[in-house]
Amino acid sequence: MILKKSEIPTSEITPKQAYMNRRAFMAAAAATGVAAIAGERVSRMVRPAGVEAAEKLTVVNSPLSTTGVEVTPYEDITHYNNFYEFGVDKGDPAKNAGTLRTRPWSVKVEGLVKEPKTFDIDTLLKLKPMEERVYRFRCVEAWSMVIPWAGYSLSEFINACEPLPSAKYVQFLSLADSKQEPEIYNAHLNWPYSEGLRMDEAMHPLTLLTFGLYGEVLPNQDGAPVRVIVPWKYGFKSAKSIVKVKFVKSQPSTTWNDMAPQEYGFYSNVNPNVDHPRWSQKTERRIGFPIWKQRQPTLMFNGYGDQVAQLYAGMDLKKNY
Ligand code: MTE
């Protein structure tokens, strides 16, 4: 994003031994599809020294999980972050997000709903069975990861919110509290962080209300205790540490679109044919892969076109970037 100072990953190269072990495992598990992913996941769950295990979640397998892709190591997912409330460098959120208090936590629901509601986070955690969904994650900055998220379809939560038929968009607002997020005003953005989706995008089964990754609750730097993941859109569409959800009639204002509308559109569907004004979107750098495997072609809708392209039928995606 335009405020970034540096883009140096904490770990670009998987240690050779780990890589060799992984290859041996993959060869052994080659015939078993999902099992290979699960094994891959476990084999790459290397926790950095001094980082304690987080609370485990009970997750069930999901038919909506992406298969046949190599997942990103836990360390990279949790140490290469964008979370400007905790600093603008990729390593800042892991260093600074310890001050975020995730209990008590509630999510307020407002706007065009039958009646306003407040959901306690522990109620939300139990609302539906937690699924593990491996998704490709593509940042607008042209880096990417593959992440085993835990959550359930956002549509399940939206149904519990009872929106009115007049609700055409949904807006997500993140916590903005300088006591818990002392770096927040060092980034010159309009706070709170705001994102939004058209109602049909929000109701799409792939859109995930996300509580965890690698079978554990989200680390603070990844948006604890609850965030949204929209796998066919650039990562900035996925607001972290959500405290408010608003159902509205017209397209809501969103943080990066407000900041630089010519660079960050409202839709922000991953699209290799529409470059960012300052860089190409044709390829991406897969964080945490060995250097010779990092450069990958970017896929239309991040590879989820079969499921989501019909949402944009008839729209000019060069205009609606
Ligand atoms: N949500 C909030 N509240 N604040 C942020 O700075 N950054 C966004 C998005 N959600 C951001 C946010 C961007 S630019 C990206 S790429 C993703 O979070 C990064 O998520 P990750 O750090 O878990 O990879």
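**Lys 319.** I began with Lys 319 in this predicted model and placed it in the segment after helix 9, the helix that spans 305–308. I noted it as exposed, because its relative accessibility is 66% and the cut-off for that label is over 50%. I then looked up its distance to Val 274, which is 45 residues away along the chain, and found the two C-alpha atoms separated by 9.5 Å.

**Glu 263.** Next I turned to Glu 263, which I located in the loop that runs between helix 8 (255–259) and strand 12 (283–286).

**The ligand.** I asked which residues come nearest to the ligand. There are 17 residues around the ligand, and I listed Tyr 84, Glu 85, Arg 227, Ser 238 and Lys 240 as the nearest. By class, I sorted this shell into eight nonpolar, five polar and four charged residues. Going through the atom pairs, I found a ligand nitrogen 2.8 Å from an N or O atom in the side chain of Glu 85, a ligand oxygen 2.8 Å from an N or O atom in the side chain of Arg 227, and a ligand oxygen 2.7 Å from an N or O atom in the side chain of Lys 240. The ligand taken alone exposes 530 Å², of which I noted that the protein buries 99%. I also checked where the ligand sits, and that place is the largest cavity.

**Cis peptide bonds.** I looked up the bond between Arg 103 and Pro 104 and found it cis, with omega about -10°; Pro 104 lies in the loop between helix 4 (92–96) and strand 2 (106–111). The bond from Trp 191 to Pro 192 is also cis, with omega near 0°, and I placed Pro 192 in the loop between strand 6 (169–174) and strand 7 (194–198).

**Positive phi.** Last, I went to the loop between strand 13 (295–297) and helix 9, where I found Phe 301. Phe 301 is not a glycine, yet its phi is positive, near 50°, and I noted the residue as buried because its relative accessible area is 5%.

Key:
Residues numbered from 1 in each chain as written. Predicted model: local features only at pLDDT ≥ 70, side-chain atom pairs only at ≥ 80, totals over all residues. Heavy atoms only, no water. Near = heavy atom within 4 Å. Polar contact = N/O pair within 3.5 Å; in protein donor to acceptor, adjacent residues only side chain to side chain. Areas by Shrake-Rupley, 256 points an atom, 1.4 Å probe, with all protein chains shown as cover. 1 Å grid on protein atoms, 1.4 Å probe; cavity = no way out; pocket = protein on both sides within 12 Å on 5 of 7 lines; lining within 4 Å. Sits in = over half its atoms within 2 Å of the grid points. Nonpolar A, V, L, I, M, F, W, Y, C, P; charged D, E, K, R; others polar. Helix = DSSP H or I, 4+ residues; strand = E, 2+ residues; numbered from the N terminus. Buried < 20%, exposed > 50% of the residue type's maximum accessible area, 1.4 Å probe, protein only.
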